[in-house]
Amino acid sequence: MKRIPWLTVALGAGIAFLYLPLAAVIVYSFNASRLVTVWTGFSTVWYSELMGDRQIMAAAATSLTVGVLSATLAVIVGTAAGYALSRFGAFRGRWLFSTAVVAPMVVPEVITGLSLLLLFVAAQEMLPFLPGRGIATIVLAHASFTMATVALIIQARLAGMERDVEEAASDLGARPFTVFTRITLPMIAPALGAGWLLAFVLSLDDLVIASFVAGPQSTTLPMVVYSSIRLGVSPKINALAALLVAATAVLLGLAALAARRGASLQR
Amino acid sequence: MTPVIRIDGVTKRFGDVVALDGVSLDIFENEFLALLGPSGCGKTTLLRAVAGLETPDTGHIFIDNRSQDGLAPYERPVNMMFQSYALFPHMTVAGNVAFGLKQDGLRGAELAERVREALARVEMESFADRKPQHLSGGQKQRAALARCLAKRPRALLLDEPLAALDKHLRERTQLELMTLRERLGITFVVVTHDQDEAMGMASRVAVMEKGRLLQVGSPRDLYERPDNRAVAGFFGHMNLWDGTVSTGDTVTCAVGAVSAATSLPAGTPVALAVRPEQIVLHAAGATPDSGQLAGTIADVVYGGTVSTYFVAHGATRIRVVRQNGAGPALERGQAVVLSWPVSAVRVLPS
């Protein structure tokens, strides 16, 4: 294909628009100066200071815990939903169910966060023995919207998988549960992995919903970043942001790899 | 003799499409039955209904006199080989074969022995540790076959077993399936759209069209004594002439009055069927005993052993097959006389 110069320029401008701010954050995280906008020399001092910050480290631990737990929950519930959508035929209420499954992806985050907060408050009023807001409520909130992504991934994977392999297993004497665990699950394993990683990244990145449902003792990383910026930007936050970008990029890369492996496994 | 599989008035609809329309068929011990028909005729649906993968809307299926109503595929004593082979991609060939046996509770040395035995039967022992994606088409077919046979089913259901193979492998596999069936003494039910395949393999053929059974019989029965136009036209070539029964065992049709053995009353509309190889060609002026008809050779297609002649009689073209060298050479445009024995004429409902 012939190269058209201004198309290349437009592409370059687009990429710059998207990634220059990120690049700036990463570059300035290695700045020796305390001032965010003045470059004085290369240093990794902000990274070591970040490691020494107990509040940030605690938030990182919270975010990772929430991410792992909510992604796992989302994979379990999302797989069940995706399986039902692609394998149970035209059951009663299928349309309502499929709409309900993807709704969390299009409902504004503020609304989701607010409604979940109201739900948790009401639940605790009715059942006072429940623990207050904290990691558990963030996990539930995150799983409720990341499971939609997982359900779509699993549904797409199952739709592309011929039913005859599962039918053959049934014909060979396997009961439905055995067919699901021994045949279906192993065949969609790459999609499960991709779904888990995506759910984890979505959870790690979420600020709005977590802010609504978090308790006083459960601050996630995005919440720390956001609140510290209001007190002026510290280069420490640049270092944290650089690490978050790197982690997200690696995880998304892994998810794409897992999805591709799944596709190639299917002949 | 009680049948292994009894299909009794089975009907199945998919939306507005009638896939099976009141099909009844008995399949017996030790036979090789072919379900033959064009795609969409319901043959695969019938096979899947026997396996339990489709539930009939009405009618029943019995295996060994036991009703299969409400029984899931995993509760039925038959196994199916899928057209795609449907091997488990995440298991080795041996793992695939062992899967079905493990469902029966087999473990340890007995399991290993049964897997080995099944693989040996199809000469696949050396591929036991391969994954399906590293097998050729023919090897996949054998692995799928071994997986079914290991279960020692009452009947083996094969959905287009040769369709995915290339031509020269197809012929060999066809013979192998026949020997395998004879050695094991298991009933085989095979679905195919290829009449040569059905005729070559099966001891009995059930011809289907639009969800109905047209005729069931040995390949010879179907070829020589078809019951209706569809079956007559399905196997090989057939000269078909529409006509009406006249008095005195004669049918008046497109080529004139033709003698035919029929007990139908005069005036009944019928179709006459005569195989091209049953018609004898004579030079013009000959006076054969029966079924005389004069015509002109409109076309000759040379085919090595035999040649096909198209003889024009009025507006009708009659197909005749003659062994080459069986008489004087006949050229295009030559006037000829055709004859055939009365027994060669088949009277079919129109």
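Predicted model: local features only at pLDDT ≥ 70, side-chain atom pairs only at ≥ 80, totals over all residues.

Reader: What percentage of the residues of chain B count as buried?

Author: A residue is buried if 20 or more other C-beta atoms lie within 10 Å of its own, exposed if 12 or fewer, and partly exposed in between, with C-beta atoms placed from the backbone. Of the 350 residues in chain B, 38% are buried.

Reader: Which domains does the assignment give for chain B?

Author: Domain bounds come from an automatic or database domain assignment. For chain B it gives domain 1 (5-233) and domain 2 (237-349). Taken over C-alpha atoms, the centres of these two domains of chain B are 40 Å apart. Two residues are in contact if their C-beta atoms, placed from the backbone, lie within 7 Å; 6 residues from domain 1 of chain B and 7 residues from domain 2 of chain B take part in the contact.

Reader: How many residues of chain B are in contact with chain A?

Author: In this contact, 19 residues of chain B meet 17 residues of chain A. On the side of chain B that touches chain A, β6 (78-81) and α2 (93-103) of chain B each supply at least two residues, and α2(B) gives the largest share, 3 residues. For residue classes, Ala, Val, Leu, Ile, Met, Phe, Trp, Tyr, Cys and Pro count as nonpolar, Asp, Glu, Lys and Arg as charged, and the others, Gly among them, as polar. That side of chain B has 10 nonpolar, 6 polar and 3 charged residues.

Reader: At what angle do helix α3 and helix α6 of chain A pack?

Author: Axes are lines fitted to C-alpha atoms, for helices over the stretch in contact, and angles run from 0 to 180 degrees between N-to-C directions. Helix α3 (residues 54-87) and helix α6 (residues 135-159) of chain A pack at about 40°, and their axes are 5 Å apart. Angles under 35 degrees count as roughly parallel, over 145 as roughly antiparallel, 65 to 115 as roughly perpendicular and the rest as oblique; α3(A) and α6(A) are therefore oblique to each other.

Reader: Is Arg181(B) buried or partly exposed, and why?

Author: Arg181(B) is partly exposed because 19 C-beta neighbours lie inside 10 Å. Arg181(B) belongs to helix α5 (residues 167-184) of chain B. Leaving aside neighbours within four places in sequence, Arg181(B) is in contact with Phe32(B), Ile186(B) and Phe188(B).

Reader: Where is Pro3(B) placed?

Author: Pro3(B) is in the segment before β1 (5-14) of chain B. With 17 other C-beta atoms within 10 Å, Pro3(B) is partly exposed. Pro3(B) and Asp26(B) are 23 residues apart in sequence, yet 5.7 Å apart in space, C-alpha to C-alpha.

Terms used: Residues numbered from 1 in each chain as written. Chains lettered and ligands numbered in written order. Helix = DSSP H or I, 4+ residues; strand = E, 2+ residues; numbered from the N terminus.
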